[in-house]
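Visitor: Hi! I'm new to this one and would like a quick tour. Could you show me what we're looking at?

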Amino acid sequence: MTIPFLTGLLFGLGLIIPIGAQNVFVFSQGLAVGMPRALWAVLAAACCDSLLIVAGAAGAASLLQTVPGLQAGLLAGGAVFLTYLGVKQVRSKMPEGEAEVAGAASGSQVLRRTISASLLNPHAIVDTVGVLGAAIATQSVTGRTAFAAGTISASWLWFLVLAICATALRGVLTARRRVWFDRISGVILCAFAVGMAVQFYLTLAT
């Protein structure tokens, strides 16, 4: 059972590590609030991924291909939501002096924001439900559970690494520099939103 688990772990990391809106958001939350509140972002993102992976393995992956308009709706909703998040971060205000950046969220706020960023992100849904879920379904019966556990562990491990790295950077970056990081993160989120809007248009055109 070790080999299917490690295969699933590597497969999951291969999908989740490349920069994406969910990664940017979790990292920015870790940078904004630090430990231990950043663990709420880890918990929310990893739980959402775990739920979507299990749903994909249970057959939800086929819905993305068979339900008319579902993928287009996800893309449209994701573009709108990421635009909202991106613009909000781009408009982050410079603190006076070297005071901490205002608006360090509470644990519950981090939890809610990360859940929204995870479940309203169509790329994350396609990767977890469509790709990982389908990959789990194709495994042999004896290795399927271990492979699924590996893919789920990849999410927990990667988001924890992001939160730890972001917290470590809090000691290096001043409050003013963190504001600029927020603004750059906002630009990246807006770029993802534009990409989703283009995909939405192409989906309607085909």
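Guide: Happy to, and please keep in mind that this is a predicted model. A friendly place to begin is Ser 155, which touches Ile 16, Ala 46, Asp 49 and Ile 53, leaving aside residues up to four places away in sequence.

Visitor: Where does Ser 155 sit?

Guide: Ser 155 is part of helix 7, which covers residues 141–170.

Visitor: And is Ser 155 buried or exposed?

Guide: Ser 155 is buried, because its relative accessibility is 3% and the cut-off for buried is under 20%.

Visitor: You mentioned Ile 16 as a contact of Ser 155. Which residues of helix 1 are buried?

Guide: Ile 16 is one of them, along with Gly 8, Leu 9, Gly 12 and Leu 13. Looking down the axis of helix 1, these buried residues fall within an arc of 130°, so they line one face of the helix.

Visitor: What's on the other side of helix 1?

Guide: There you'll find Ile 3 and Leu 10, which are exposed.

Visitor: What span should helix 1 have, and what does the model show?

Guide: Helix 1 runs over residues 2–16, and at 1.5 Å a residue its 15 residues should span 21 Å. The end C-alpha atoms are 21 Å apart, so the two agree.

Visitor: Let's change topic. What about helix 5, which residues are buried there?

Guide: The buried residues of helix 5 are Gly 107, Val 110, Thr 114, Ala 117 and Ser 118. They cover an arc of only 95° around the axis, which means they are on the same side of helix 5.

Visitor: Tell me about Thr 114. What does it touch?

Guide: Beyond residues up to four places away in sequence, Thr 114 touches Phe 25, Val 26, Gln 29, Ala 41, Ala 44 and Ala 45. With a relative accessibility of 1%, Thr 114 counts as buried.

Visitor: How many residues separate Thr 114 and Ala 41 in sequence?

Guide: They are 73 residues apart in sequence, while their C-alpha atoms are 5.7 Å apart in space.

Visitor: Now pockets! What is the volume of the second largest pocket?

Guide: That pocket has a volume of about 260 Å³. The second largest pocket is lined by 20 residues, and Leu 15, Ile 16, Gln 22, Ala 124 and Asp 127 lie nearest its centre. Helix 1, helix 2 (21–33), helix 6 (122–137) and helix 7 each give two or more residues to the lining.

Visitor: Which helix gives the most to that lining?

Guide: Helix 6 does, with five residues.

Visitor: Could you pick a residue in helix 6 for me?

Guide: Let's take Val 131, which lies in helix 6. Val 131 is partly exposed, with a relative accessible area of 31%. Not counting residues up to four places away in sequence, Val 131 touches Phe 11, Leu 15 and Val 126.

Visitor: How far apart are Val 131 and Ile 53?

Guide: From C-alpha to C-alpha they are 8.8 Å apart in space, and 78 residues apart in sequence.

Methods. Residues numbered from 1 in each chain as written. Predicted model: local features only at pLDDT ≥ 70, side-chain atom pairs only at ≥ 80, totals over all residues. Heavy atoms only, no water. Helix = DSSP H or I, 4+ residues; strand = E, 2+ residues; numbered from the N terminus. Buried < 20%, exposed > 50% of the residue type's maximum accessible area, 1.4 Å probe, protein only. Contact = heavy atoms within 4.5 Å. Expected span 1.5 Å × (residues − 1). Arc of directions from axis to C-beta. 1 Å grid on protein atoms, 1.4 Å probe; cavity = no way out; pocket = protein on both sides within 12 Å on 5 of 7 lines; lining within 4 Å. Points joined across faces, edges and corners; volume = space filled by probe spheres on them.
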